[in-house]
Amino acid sequence: MAVSADDLSAPLGQKSKRKRQFRLPFSGTQALATILALLLLGFLGVAIFTNNPMGGEPVARVAIKAPAATEDKVAAKPPVEVKHGTPETAKAPEAPGQKTITIIDGSSGARKDVVVSSEGSDSAVADAPPPVMTGIDQKLLEKSRHGMVPIAIGALKPVTAYAAGSEAERARAMKTPSISIVIGGLGVGAAKTTDAIMKLPPAVTLGFTPYGSDPGKLVERARAQRHEVLLQLPMEPFDYPDNDPGPQTLLSSATAEQNLDRMMWHMSRFQGYVGVANFMGARFIATDTAMQPIAREASKRGLALFDDGSTPRSVAAAAAEGQGMPFARSDVAIDAVPTSADIDKALARLEGLAKERGVAVGVASALPISIERISAWAKTLESRGVMLVPLTTAMLKSKSS
């Protein structure tokens, strides 16, 4: 038995301990495989849980220093408030000096947004006066702070100077049942206004509101087609201001001076009209203290007065009679029900009234169906022994009867 040196030096009776050799619990190949597996799991984790829209593409980040803003550029513009509703009711931001209003047709109830000059104060409007139209008798104009307004010079009056029709036609109308038709609410909406001007017979009288981008041009065109023209004055309805005719509305609660100033503004928007009429205004036209100054001013300026007949409480007839001025009131709302059958019935009713009383007056709006039915009806009217005449002829005939 071989004895080592350690055995010889060990104490008697004891065996020496052998040195334990350290050995890994796995082989080198297993360790390498484990490391590779851990790296693969780490890569998959990054790919799954990291939101990188560049998909791992290299990205370069460069710092760009913006130039210093000037004081003018730093100042932020105030936000523009826009009221939102349905696409039909949402209004665009208004430019300085302008106001968007909703015009409501008194006959049809149709609404239309229109941009007009805004009011400068309760009795003034901060805009330039409109130019004088062509074909206007300069002697029948007077300068006001709002622009040129009509005036009478002795026996020369706008109601006679701008009346449509010839003396021969007026003489024949005195012996023939006659009908006058007024189409109101024009000037707002060039397309419908142009249709009324061009498609309706010249004997049809056209009523223009003072609003719209350029009512003077449309009035010139109407007069060139031999239509008689009325100025419709926006007047206070019973549900004002929920139902608002527009800027410078004549109000029953305003003083006579305030309403006359507003009337001057309306009268200066265009020229060449034979008289004034109400635009809406069921409350105003039924208020005697409000209507009397308006009728007096219109009479002084040689104008006629027309009542569209929309309210039975109107005092317009009494106010006009007190001034001895030409006056007419509508007997029939032709397109109160805007269907072909109902319009035809209303026109037949007008014929009956004309034959019974000698003269009748109807009012309508510029709806396409109204224009179509009135145009067709007018072509055969004289074959039934009835004349279609301008409003001033009907006024003249009513006064003489």
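View 1. Arg 170 sits in helix α5, residues 167-173. Helices here are DSSP runs of H or I with at least four residues, strands are E runs of at least two, and both are numbered from the N terminus. Arg 170 counts as buried because its relative accessibility is 16%. Buried means under 20% relative accessible area, exposed over 50%, and partly exposed in between, with a 1.4 Å probe and protein chains only.

The model is predicted: local features need pLDDT of at least 70, side-chain atom pairs count only at pLDDT 80 or more, and totals for chains, interfaces and linings use all residues. Residues are numbered from 1 along each chain as its sequence is written, and side-chain values use heavy atoms, with hydrogens and water left out.

View 2. Two strands pair if DSSP finds at least two bridges between them. Ile 181 has Gly 362 of β12 as its bridge partner.

**View 3. Strands β13 and β6 beside β5.** β13 (residues 387-388) runs parallel to β5, joined by 2 bridges. Ile 179 is bridged to Leu 388 in β13. β6 (residues 205-208) also runs parallel to β5, with 3 bridges. Here Val 182 stands opposite Thr 205.
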